[in-house]
Amino acid sequence: MRKIEHIGIAVKDLETSNQLFEKLFGAPAYKTEEVASEGVKTSFFMNGPNKIELLEATNPDSPIAKFLEKKGEGIHHIAFDVENIEAEIKRLKEEGFTVLNETPKKGADNKLVAFLHPKGTNGVLVELCQEIA
Ligand code: ZN
């Protein structure tokens, strides 16, 4: 795993939170994208070298809807940049981590992604992401 790629924050209303984070960072989201397969709408902000992803649920079965129900708004996941996601999934499985999707899937912002179950990572949902070349 290399650097933190981004931090994901679950929000109830993307429009409202876009305005809030635009004020916080002094710059608007550089991208908004819906990932229909995950039931989320996302927006991305850059603040210096750091990237923040906001996630809103687009349907009640979305993992974000369930997260908001249980925990409310807040940090949802930490994403790490990896060079070879398949090799990293294999390595982490061998280390005993539970990988939620063993076949990487297409995520937002042109990435292949996989998630580790938070039960095995001290309650933190970890996302692995590899830039799609
Ligand atoms: Zn993410």
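Student: Which protein atoms are the donors of the zinc ion?

Tutor: Donors are N, O and S atoms within 2.8 Å of the metal (3.2 Å for Na, K and Ca), and water is not among the atoms, so sites may look incomplete. Here the protein donors are H6 (NE2), E53 (OE), H77 (NE2) and E127 (OE), lying 2.1 to 2.2 Å from the zinc ion. Keep in mind that this is a predicted model, where local features need pLDDT of at least 70, side-chain atom pairs count only at pLDDT 80 or more, and totals for chains, interfaces and linings use all residues. Residues are numbered from 1 along each chain as its sequence is written, and side-chain values use heavy atoms, with hydrogens and water left out.

Student: Why is the arrangement around the zinc ion irregular?

Tutor: Ideal angles are 109.5 degrees for four tetrahedral donors. Four donors count as tetrahedral if all angles lie between 85 and 135 degrees; four count as square planar and six as octahedral if opposite donors are over 155 degrees apart and all others between 65 and 115; anything else is irregular. The 4 donor atoms here subtend angles of 82 to 172°, which makes the arrangement irregular.

Student: How are the donors spaced along the chain?

Tutor: They follow H-x46-E-x23-H-x49-E. E53 lies in strand β4 (residues 50–57) and E127 in strand β8 (residues 126–131), so this pair ties together parts that are 74 residues apart in sequence. Helices (H or I, at least four residues) and strands (E, at least two) are DSSP runs, numbered from the N terminus.

Student: Are E53 and E127 buried or exposed?

Tutor: Buried means under 20% relative accessible area, exposed over 50%, partly exposed in between (1.4 Å probe, protein chains only). Both E53 and E127 are buried. Across the 133 residues of the chain, 43% count as buried.

Student: What is the order of the elements in the chain?

Tutor: There are 3 helices and 8 strands, running β-α-β-β-β-α-β-α-β-β-β from the N terminus on.

Student: How does the radius of gyration of the chain fit a compact globule?

Tutor: The radius is taken over C-alpha atoms, and the globule rule is 2.2 Å times the number of residues to the power 0.38. For 133 residues a compact globule would come near 14 Å, and the chain has 14 Å, so the two agree.

Student: Where is confidence lowest and where is it highest?

Tutor: pLDDT is the predictor's confidence in each residue, from 0 to 100. The chain has a mean of 95. Confidence is lowest in strand β6 (residues 105–107), at a mean of 90, and highest in helix α1 (residues 14–25), at 98.
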